[in-house]
Amino acid sequence: MEETPAISPASQDARAKRNVMILVAAQAILGSQVAMIYTVAGLAGGMLAPNACFATLPISLIVIGTMTTAPWLSSAMQMLGRKTGFFIGGFGGVIGASISAYALWKGSFPLFLLGSYFTGIYVSAQGFYRFAAADTASEAFRPKAISYVLAGGLISAVIGPTLGTSLADMFVIPFLGTYFAAIAINLLGMGLFFFLDIPTPPRPVAGTPTGRSRRELLADPNVLVAIIVAMVSYALMNLVMTSTPLAVVGCGFETETAGFVVTAHVLAMFAPSFITGHLIARFGVKAIVSTGLLILAAAGAVALQGVDLANFFVALVLLGLGWNFGFIGATTMLAQAHSPEERGRVQGMNDFLVFGCVAVASVVSGGLMNCSGGDAQTGWVSVNLAMVPFLALAGGALIWLTLRPED
């Protein structure tokens, strides 16, 4: 096991910045498969599923894979290091894309769901890139490190949906080329992890602090509200994004147009990351999280105004921006609310709960979109109205934390 070396305060952020550069590249290259697969998975599911109501179930299985992987993968990283955990994620992506490609060739919906689950193992590992960026960073650099790593998604936003739609018809079997590309991306991108320099936390010995239990962590108002905001921000983003390709195509636009809308959305998710950390440092994390929730509400309001192409673009851009402020803010809140020995416990719990909500949102998304009315427009309205109670929950939690007297 690697020992944690003693480093001077002056060199701490130098190492952190090097790690951030590597993680930005991983987010950009390996992360492109997520946008790519999300763009086509619902359409491929509609082609393979026995019932249109199950079209988005492959996306749900990706999220379920992410949710169920997070606790054990976080523990594995605590014991074996970030590098090992990220390799596990990359191999999960290879296996998932391979099974999905074989499922498309065989025309098997159950196999496609299995492949989607394994893809979720990669997505879970990618979720820890943001926490890994904070591991070696000073308190002052931490929100910027998290923000910069998520900014790597800006490149994946351009690469992913473009590859997803351009390769969809490369073979006689639709979408097969997309999954072949995902295999290649994983195999090539994993080489980046050899260059990471993040020490493995020392294993606790008798008498040393082990940190709070999960129950005690959830009793901490800062931890609790950070998790609630992350759950709501990510779940609502997924709820709407999952249905977007189906809504765009269902309202008479081309599959390529759906790809452009998703690209604009993912760009809006990650482009602000270059400044989000600076905004948090200047205005405070609560102000940025509040702004994110308000922007998510604005996204739903625009979507409810109609199904013109402009409505789709504006709503999805606002959805991405709201997610960015809400999720980066929540991640920063969480990173500031626990000690190093609690890292594996709280981060695994956080991502289990976050992606559990995302899994529910993706299942509900398909049902609302395809089975709540007679046409795509009615389904799209139902999807966006479903945002209201959850925004109220997150907003209420944040107000409670703000008004609550400091301990």
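## Helix H9

Let's start inside helix H9, where Leu176, Gly177, Thr178, Tyr179, Ala181, Ala182, Ile183, Ile185, Asn186 and Gly189 are buried. Keep in mind as you look around that this is a predicted model. With 10 of its 14 residues buried, H9 is largely enclosed by the rest of the structure. The helix reaches 20 Å from its first C-alpha to its last, close to the 20 Å expected for its 14 residues at 1.5 Å a residue.

Now for the loop between helix H8 (153-166) and H9, which is where phenylalanine 175 is found. Its phi angle is worth a look: the value is near 75 degrees, positive in a residue other than glycine. Phenylalanine 175 has a relative accessibility of 10%, so it counts as buried.

Leaving aside residues up to four places away in sequence, tyrosine 179 touches Ile37, Val40, Ala41, Ala97, Ser100, Ala101, Leu104 and Phe112.

## Salt bridges across the chain

The structure holds five salt bridges. Side chains of opposite charge can pair when their charged atoms come close. In one of these bridges, aspartate 197 pairs with arginine 15, and the closest N and O atoms are 3.8 Å apart. Aspartate 197 sits in the loop between helix H9 (176-189) and helix H10 (214-218), while arginine 15 belongs to helix H1 (residues 9-29), so this pair ties together parts that are 182 residues apart in sequence. Are the two partners buried or exposed? Aspartate 197 is partly exposed, at a relative accessible area of 33%, whereas arginine 15 is buried, at 13%.

Aspartate 135 meets arginine 82 in a salt bridge with an N to O distance of 2.7 Å. This pair links distant parts of the chain, with aspartate 135 in helix H6 (residues 129-135) and arginine 82 in helix H4 (residues 82-106), 53 residues apart. Both aspartate 135 and arginine 82 are buried. Arginine 130 forms a salt bridge with aspartate 351, and here the closest N and O atoms lie 3.0 Å apart. That pair joins helix H6, which holds arginine 130, to helix H16 (residues 343-371), which holds aspartate 351, across 221 residues. Arginine 130 and aspartate 351 are buried as well.

There is also a network of salt bridges to find, linking Arg212, Asp220 and Glu342.

## Cysteines

How many disulfides does the structure have? The count comes to zero, using a cut-off of 2.5 Å between cysteine sulfur atoms. For context, a disulfide is a covalent bond between the sulfur atoms of two cysteines.

Cysteine 251 is partly exposed, with a relative accessible area of 25%. Cysteine 357 also counts as partly exposed, at 25% relative accessibility.

Note on methods:
Residues numbered from 1 in each chain as written. Predicted model: local features only at pLDDT ≥ 70, side-chain atom pairs only at ≥ 80, totals over all residues. Heavy atoms only, no water. Salt bridge = Lys/Arg side-chain N within 4 Å of Asp/Glu carboxyl O. Helix = DSSP H or I, 4+ residues; strand = E, 2+ residues; numbered from the N terminus. Buried < 20%, exposed > 50% of the residue type's maximum accessible area, 1.4 Å probe, protein only. Contact = heavy atoms within 4.5 Å. Expected span 1.5 Å × (residues − 1).
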